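Dear colleague,

I am passing on a structure that may be new to you, and I would be grateful if you could look through it with the notes below beside you.

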Amino acid sequence: MGKRKFWNRVLMHVLLVPFLLFAIFPFFHMTLTSLKSDRELYDRKAVPLLIQQGPTLEHYSKLLWETAFITWTKNSLIVTFIATAVSLVVATIAAYALARLKFFAVGSFGTGIFVTYLVPTSLLFLPLAQVVNWLGLADSKWALVVTYPTFLVPFCTWLLMGYFRTVPKEVEECAMVDGATRIQALWRIVLPIAIPGLVCAALFAFTLSWNEFIYALTFTSSSDQITASVGVTSELIRGDIYFWGQLMAGAVLASVPIVILYVFFLDYYVSGLTAGAVK
Amino acid sequence: MSTMSRRRFVATSTAGLAGILAPRIPPAVGQQREISYLCWNNFAPLMDKKLAEIGTRFTKDTGIKLKIDHIAHAQQPAKYAAEVQTQSGHDLVEMRMHFPWLYEPQLVDVSDLVAQLEKQYGAAISSAKETAHVRGVWRAVPQYHGMFVATYREDLFKKASLKIPDTWEDLYVAGKELKKMGHPVGIPISQNYDTISTAGPILWSFGGLEVDKDGKTVRINSPATEQMLEWYKKMFKDAMDPEVLSWTDASNNESIQQGKSGWIHNPVSAYLIAKQKKLPTADLINHHRTPGGPAGRHDTDVPRHIGIWKFSKNVEPAKEFIKYILGKREVYDEYIMSADAFNLPTYDKLKEHPVLKTDPKYAALSGEGVQYHAYGWPAPPSDKVQLITNSFILPNMVAKAVTGTPTKESVAWAEREMKKILAG
């Protein structure tokens, strides 16, 4: 490596440091706060970015054993995985149809789907509450499995539509000339090429479901049915009393599944967002 | 022994079965009596634990199964809206402050229960009546209330030989000294409910009000409001830190617990948490009654009630639970004691409750000479008056004034906003 090239690389990395700090800071602060004792958290002379009075796992142990955090997390995982999987299947088929097939008002239909996604959940939760009730799913986590696709499907469809359009038609047509049906062409040709797009949609859907609040709040009540996003805020913010240590411990633990997913699928995610199906 | 013919057996059993099925209600013997209660996440967490304990005993004593769910207070409106919309959900609901007015058509008349409780414990306190007695009917049963008091650093006041403030002007004098000592007064001026809970009493004590008793006439544009804003301006400049403009409901608590603020206006939660967490400031904090002004001594009260949804199919068992928890003196006492003076009984004869004797620092909670009101007083708490409160017009008016908008302009802005809401 030439000297000039070396210094260019060093410079590039140095320039990235502020962005890295910006991205890491919330996690650093969350973790630090979750490990501080209450006494230090309420000490005005304490340094916010250091643990001076010794770390403690007290907040984690209180969160895990004195609240139903494990149950809430389990519920979040069940709801998120199922809702994401269902939405992805439906969205893939819908997006393929909108990207490839020619039928009346296909363009407006695609836009319509995206507009549906833009309707805020704070408007939709009341009519959906009636649907949930009619389905006999009130106060059940399964109500969330049913309702989350209402915003996940439009979003994933829109994302995948764009991605499928970058897959050359010719590749698919070759397969069909060789005797593949449209479904086979989709399954064997388009989807393997579109994996980065699918991973990207899945990650977005997972994150949206994991963080969802208003449906989880209104459609579930029992402690054994609520998700982590509702449980943590309900149990640990009591009016003018915030249990900061436990709140931060909850935030750290709740971010773990998302971090794991992004670490494993980062490359797919980036290429899903930035590149088309064919580079 | 007489024998029954096959034909007669079929006829009798068919008629009997038809009789049972005709009302489309299962016979009482076969019914599982079960009720559910959607309660707020109490600011005093031990009270939630006690509620669960009492619930278990209630089930044991009456055979009525009770399911208790909890919800954070900020999320109550969304949840209640969903239950009302679907006409399904819990039987009993906790109702904060003016909720009985908002949900009036959806709530069972519980006047019989309140009459019984008033016979036992004396009349319900005025703020409870203002908020739960809707157009002559009790729509919810008052259960307890949390009131605001002045919380101050006793050690600092002693050190600087400061007088305990009896009026808001006295607080200004003390506040200036406190700020010099590095312990400013901590009154939030931001979009939160603690700001309203303090700005309201200050406005009332200067003789001002937002909306008139008729609930239709905006009265914010008055010399009293201007005096109140002038007081806020000098407090902000000489006795407070600018950070109060970004405070949440928790900030004033945390500020005095951490040892920064020398004086705050809040329920006793700041002290309770300091005590529970064994913070060094716990021993230094004390309370005194809220300061007054030219028009008297007023303060904010947050009464909390229990209501029963009309769509409930278990109104009678739900009433039984209310009678059990509030009507049995020993159970009610036990429930109140668990909150460590954060929530106090809402009936006259129980004003001097034993919980106030558990700590000498609760003496100020007897509220002698203080007139307690809910937000928006003296206007009846209609949906529009509540919208004025929830739009944070009062905090924003104060924030405008202390950050440079001329007093008259700030008041005129608030008047316009309030008029818009009342006209809407």
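Among the contacts in chain A that link residues at least 6 apart in sequence, 77% are between residues at least 24 apart, where two residues count as in contact if their C-beta atoms, placed from the backbone, lie within 7 Å. Please bear in mind that this is a predicted model, in which local features need pLDDT of at least 70 and side-chain atom pairs count only at pLDDT 80 or more, whereas totals for chains, interfaces and linings use all residues. Residues are numbered from 1 along each chain as its sequence is written, and chains are lettered from A, and ligands numbered from 1, in the order in which they are written.

A residue is called buried if 20 or more other C-beta atoms lie within 10 Å of its own, exposed if 12 or fewer do, and partly exposed in between, with C-beta atoms placed from the backbone.

One residue to look at is Val270(A), which belongs to helix α14 (residues 244-274) of chain A. Val270(A) is exposed because 12 other C-beta atoms lie within 10 Å, and its C-alpha atom is 9.4 Å from that of Gly197(A), which is 73 residues away along the chain.

Where chains A and B touch, the contact involves 25 residues from chain A and 31 residues from chain B. On the side of chain A that touches chain B, the elements giving two or more residues include α2 (38-41), α12 (214-219) and α13 (228-236) of chain A, while α6(A) gives the most, with five residues.

In chain B, helix α5 (residues 111-121) has Leu113(B), Val114(B), Leu117(B) and Tyr121(B) as buried residues. These lie on the same side of α5(B), because they cover an arc of only 95° around the axis, the arc being that of the directions from the helix axis to the C-beta atoms. On the other side of α5(B), by contrast, Asp112(B), Ala115(B) and Lys119(B) are exposed. The cover over the buried residues of α5(B) includes β5 (137-138), β6 (141-147) and α13 (315-327) of chain B. After α5(B) comes Gly122(B), which has a positive phi, near 90°.

With best regards

Note on methods: Helices (H or I, at least four residues) and strands (E, at least two) are DSSP runs, numbered from the N terminus.
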